[in-house]
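Visitor: I'd like to go through this one with you. Can we start with the charged pairs?

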Amino acid sequence: MTDSDAGETADDAGTAAEFDVDDWREELAAKRAEKDEFFASHPHSPVPEPERDAFDGLDYFEPDPDYRVTATLHLVDGDDDEIARMETTTGGEQRYRKVGELTFELGGETHALAAYRPTGEDRETLFVPFRDKTTGQQSYDAGRYMDLEAEQELDDGEAVVVDFNLAYTPFCGFSDAYACPLPPEENWLETVVEAGEKTPDPREH
């Protein structure tokens, strides 16, 4: 399950564009405040209703523009419909279509993450679940997600902004009522990503 209400907008992903750090910080703060309000009071909040009164906001790593990177998108051959079967937190399975691979530099090293879309859907959102060296420690032990939006269909070799400061905990981190896909092994990053949401508190995992 993705968290589209809290995902990126077309201004945050898609083709790389001019970047103003001050504007970025303001937009990120506004997104976080909006999400905190949603979690605290919205009927569709993943926080169980009896716990909402005690909810005082999500825990985040400090904003860090170094974790906002420009990736190159390498599309999967359109004739090769590659299906990924992801296990879920409840022991089930969900099917996604692999769209392509995002390669990028982080911490002086080259990394890659596969990007997916749900099977049977033709929307532009790229679903990017991942694990990193903070998983199970500072961040949620089932991994985190990013939703990358684009204004139009992306081309092979296109530059795509990937902002790990928008990485979020899936809804199953707040309630056992949700079944969330686990990041496949190809999306296990061998590096520390100290950006985005931290492990939900006070739930223990």
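Visitor: How many salt bridges does a search of the whole structure find?
Guide: Six salt bridges turn up. A salt bridge here is a side-chain nitrogen of Lys or Arg within 4 Å of a carboxyl oxygen of Asp or Glu. Bear in mind that this is a predicted model: local features need pLDDT of at least 70, side-chain atom pairs count only at pLDDT 80 or more, and totals for chains, interfaces and linings use all residues. Residues are numbered from 1 along each chain as its sequence is written, and side-chain values use heavy atoms, with hydrogens and water left out.

Visitor: Which side chain meets Lys-35 in a salt bridge?
Guide: That of Glu-197, at 2.5 Å, N to O. Lys-35 lies in helix H1 and Glu-197 in the segment after S7, so the pair ties together parts 162 residues apart in sequence. Helices (H or I, at least four residues) and strands (E, at least two) are DSSP runs, numbered from the N terminus.

Visitor: Is Lys-35 buried or exposed?
Guide: Lys-35 is buried, with a relative accessible area of 8%. Glu-197 is buried too, at 3% relative accessibility. Buried means under 20% relative accessible area, exposed over 50%, partly exposed in between (1.4 Å probe, protein chains only).

Visitor: What does the side chain of Glu-82 pair with?
Guide: Lys-98, in a salt bridge of 3.9 Å, N to O. Glu-82 sits in the loop between S1 and strand S2 (83-87), and Lys-98 in strand S3, 16 residues apart. Glu-82 is partly exposed at 33% relative accessibility. Lys-98 is buried, with a relative accessible area of 12%.

Visitor: And which residue meets Lys-133?
Guide: Glu-190, again through a salt bridge, at 2.9 Å, N to O. Glu-190 is in the segment after S7, Lys-133 in the loop between S5 and S6, and 57 residues separate them. Glu-190 is exposed at 56%, while Lys-133 is partly exposed at 41%.

Visitor: Which residues are joined into one network by shared partners?
Guide: Glu-82, Lys-98 and Glu-186.

Visitor: Which residues have the most contacts inside the largest nonpolar core?
Guide: Leu-102, Met-146 and Phe-164, in a core of 23 residues. Such a core is a set of buried Ala, Val, Leu, Ile, Met, Phe, Trp, Tyr and Cys residues joined through side-chain atoms within 4.5 Å.

Visitor: Which strands supply at least two residues each?
Guide: S1 (68-75), S3 (93-106), S4 (109-118), S5 (126-130), S6 (144-148) and S7 (159-163). S3 gives the largest share, four residues.

Visitor: Where is Met-146?
Guide: Met-146 is in strand S6. Met-146 counts as buried, at 1% relative accessibility. Met-146 and Asp-163 are 17 residues apart in sequence and 8.3 Å apart in space, C-alpha to C-alpha.

Visitor: Now the surface. Which residues form a negative patch?
Guide: Asp-20, Asp-22, Asp-23, Glu-26 and Glu-27. Patch residues have over 30% relative accessible area and no salt bridge, with like charges joined within 9 Å. Asp and Glu count as negative.

Visitor: Where does Asp-22 sit?
Guide: In helix H1 (residues 21-41). Asp-22 counts as exposed, at 54% relative accessibility.

Technical notes:
Patches are made of residues with over 30% relative accessible area and no salt bridge: like charges are joined within 9 Å, nonpolar side chains (Val, Leu, Ile, Met, Phe, Trp, Tyr) within 5 Å. Accessible areas come from the Shrake-Rupley method with a 1.4 Å probe; for residues, only the protein chains shown count as cover. The place of a charge is taken as NZ of Lys, CZ of Arg, CG of Asp or CD of Glu.
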